[in-house]
Amino acid sequence: MTNLSEKELSAVQDILSEEDLLIKKFKNLSDQCQDQEIKNKLLNISERHQKHFNSIYSQLN
């Protein structure tokens, strides 16, 4: 991977923070949900954001 400028690194950090927030929000919503179908959909969304986070983070190594 090429070296990132400070501005690019800051943008990547912002994206990772946003993904992390979405992971937590959808997980929290699923924990509060009573309807199993909706709960599963919310968990699925949380897992997709976790995959996004992991994919972006892995590019930094």
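The model is a predicted one, in which local features need pLDDT of at least 70 and side-chain atom pairs count only at pLDDT 80 or more, while totals for chains, interfaces and linings use all residues. Residues are numbered from 1 along each chain as its sequence is written, and side-chain values use heavy atoms, with hydrogens and water left out.

Let me begin with the salt bridges, of which the structure holds three, the term meaning a side-chain nitrogen of Lys or Arg within 4 Å of a carboxyl oxygen of Asp or Glu. K24 counts as exposed at 52% relative accessibility, whereas D20, at 29%, is partly exposed; here buried means under 20% relative accessible area, exposed over 50%, and partly exposed in between, with a 1.4 Å probe and protein chains only.

K27 and D31 also lie in helix α1, four residues apart, and the closest N and O atoms of this salt bridge are 2.9 Å apart. K27 is partly exposed at 38%, and D31 is partly exposed at 47%.

In helix α2, residues 36-58, K41 and E37 are separated by about one helical turn because they are four residues apart, and their salt bridge has its closest N and O atoms 3.8 Å apart.

Finally, L4, which lies in the segment before α1, counts as partly exposed at 32% relative accessibility.

Notes: Helix = DSSP H or I, 4+ residues; strand = E, 2+ residues; numbered from the N terminus.
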